[in-house]
Amino acid sequence: MEENRYFFEPSPNEANVLKYYANGEWRKSETEKYMSCFNPSTGEVIAMAPQCTREEVEYTIQKAGEAYPAWSNTPVTKRVQVLFKMKALIDEHLEELTVLCAKEMGKAYLEAMGDILKVNEVIEFACGAPHLMKGESVMNISSGYDTVNYRESMGVFAGIVPWNFPGMIPHGWMAPICIATGNCMILKAASFVPQTALRIMELWHEAGLPKGVLSVVTCGREEAELFLSHPDIKGVSFVGSTKVGLHIYSTASANGKRVQALTEAKNHALVLRDAKLERSARGIMNAFCGCAGQRCMALPAVVVEEEIADQLVELLVKYASEVNLGKAYEKETGMGPLVNEGHKQFVLDWIETGIKEGAKLVLDGRTPNVPKECENGSFVGPTIFDHVTPDMSIGWEEVFGPVLVIKRVKNFEEGLALMNDSEFANGSVIYTQNGYYARRFTKETHGGMVGINVGIPVPIGIFGFTGHKRSFFGDLHCMGKDGFAFYTETKNVTGTWFSEETDADTGKVDTWDGTISSLPTDDD
């Protein structure tokens, strides 16, 4: 691989020093600030990510702006040819990308593979841009007048990316639809885990994406503020905490930019007495332990009818205790580590909070059994609290780890009311065999993504990711038809043509210039 295309400078004795990608080339940052990137399975430092300077971020924005006119004028059928090539490259490098994602972020092998496959899921959808960008038209909308509606690209967008999905979110949720619609995009990769995003950027380059159309930087918050105020940035897509998301939404929108901010969650499942208990328990276990709980569609809270609560808790403890922890990139590992030591301590602090608040700790994951080579890794095992009451903060706040809380209720109505009392509304789940209650739940739950006997009701990329309440700030969600609407603006063109006999000097023109067909005429 050519030197100017390689995303890091190899070092035989030290961690690789990463670069950033702007104007179609890999560039070494002039910064003196670097962030250590860890392999959380072992605790070793594997890379150093630059905190790009303000000047470097401004340069990246400038070059994206310069690339926009040519890219937006490239026929959409030609733009998606790059996406078709990219899809093939992701397939070709799937194993490599899976291992890289697992190694730097800590999610288990199959979870990491899913992270990468979700990139292709949205690329495949975005390849439909020639159809999905089609406008509308009406001939003779008024006598002799036609109106045509077009969808057009807007300019340069910024994508501010979290650390929990290093592939899927930047190169799936954000980039494909943005560039397929004729825009340019700058991705701010998460400094904890930037290597997957950078490696996939190499593949976009290989697929033939013109310089400046897609860029990837790592930087601090001060430099990232440029994306919220710079006049050349037309919109911002963000995934992360509610506090930061609300700041981005209020600041960027005040500066006239489009914003979609996907934020925190505390998803709940309601388990009714008629549920298939063993299958439901396995679904719940997967949903709260998967990705070590580090996903906004995890299932960290279960509301269960008292009549079956003891049975369900017994099954959950049994199944969760069987999960084997180890190196994330080894295929036999059931659950990997948390992303780093800082986040591990954050989760441990929440477990301590649950104990102090009086919740019953029925499975303690604070000192899990791990292989000897993982003793310095950032591991927390599956943890379950029972008898969690509404006054306990651990039942309502996002922990973002493999911690499950059990809330006991008398019936469906009490359970649904308890769930809807949350300030968040990403996902909600019901486990039941009763169609009546399933339908009521679907209608009455506040959750934007609903699962009926599905613990992780994340929609396929042809649908939007539809969080509600304080789980989302904005008007248009990512992916699906909303995604195409977010990255485009509409233009209506109304026209009429004069016949050869028309006398422009003597022809009468009404105050609406003919565009209201119901106005009375001299003949009426």
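Let me begin with V271, which, if we leave aside its neighbours within four places in sequence, is in contact with L277, I284, V302, V303, V304, E305, I308, L312 and Y431. Please keep in mind throughout that this is a predicted model. V271 belongs to the largest nonpolar core, which has 149 residues, and together with W173 and W204 it touches the most other members of that core. Apart from this core lies another one, of 11 residues, including F412, L416, L418 and I430.

Next, a helix pair. Two packed helices are described by the angle between their axes and the distance between those axes. For helix α2, residues 76-92, and helix α6, residues 168-180, the axes come within 9 Å and cross at roughly 150 degrees. Angles over 145 degrees count as roughly antiparallel, and α2 and α6 are therefore roughly antiparallel to each other. On the α2 side the residues that meet the partner are V76, R79 and L83, while α6 contributes P176, I179 and A180. Sorted by class, this contact of α2 with α6 has 5 nonpolar residues, no polar ones and 1 charged residue.

Is E121 buried or exposed? The cut-off for buried is under 20% relative accessible area, so E121, at 19% relative accessibility, counts as buried. Its side chain is joined to that of K118 by a polar contact of 3.1 Å, and, not counting residues up to four places away in sequence, E121 touches P459, I460 and G461.

D310, by contrast, which lies in helix α12, residues 306-321, is exposed, with a relative accessible area of 54%. The C-alpha atoms of D310 and D386 are separated by 9.5 Å, although the two residues are 76 residues apart along the chain.

Finally, I would like to turn to backbone geometry. N23, which is not a glycine, has a positive phi of about 55 degrees; N23 is placed in the loop between β3, residues 20-22, and β4, residues 25-27, and at 18% relative accessibility it counts as buried. H387, also not a glycine, has a positive phi of about 55 degrees, and its place is in the loop between β17, residues 383-386, and β18, residues 403-409. With a relative accessible area of 37%, H387 is partly exposed, whereas N23 is buried.

Conventions
Residues are numbered from 1 along each chain as its sequence is written. This is a predicted model: local features need pLDDT of at least 70, side-chain atom pairs count only at pLDDT 80 or more; totals for chains, interfaces and linings use all residues. Side-chain values use heavy atoms; hydrogens and water are left out. Buried means under 20% relative accessible area, exposed over 50%, partly exposed in between (1.4 Å probe, protein chains only). A polar contact is a pair of N or O atoms within 3.5 Å; within protein, one must be able to donate a hydrogen and the other to accept it, and residues adjacent in sequence count only if both atoms are side-chain atoms. Contact means heavy atoms within 4.5 Å. A nonpolar core is a set of buried Ala, Val, Leu, Ile, Met, Phe, Trp, Tyr and Cys residues joined through side-chain atoms within 4.5 Å. Axes are lines fitted to C-alpha atoms, for helices over the stretch in contact, and angles run from 0 to 180 degrees between N-to-C directions. Helices (H or I, at least four residues) and strands (E, at least two) are DSSP runs, numbered from the N terminus. Angles under 35 degrees count as roughly parallel, over 145 as roughly antiparallel, 65 to 115 as roughly perpendicular and the rest as oblique. Ala, Val, Leu, Ile, Met, Phe, Trp, Tyr, Cys and Pro count as nonpolar, Asp, Glu, Lys and Arg as charged, and the others, Gly among them, as polar.
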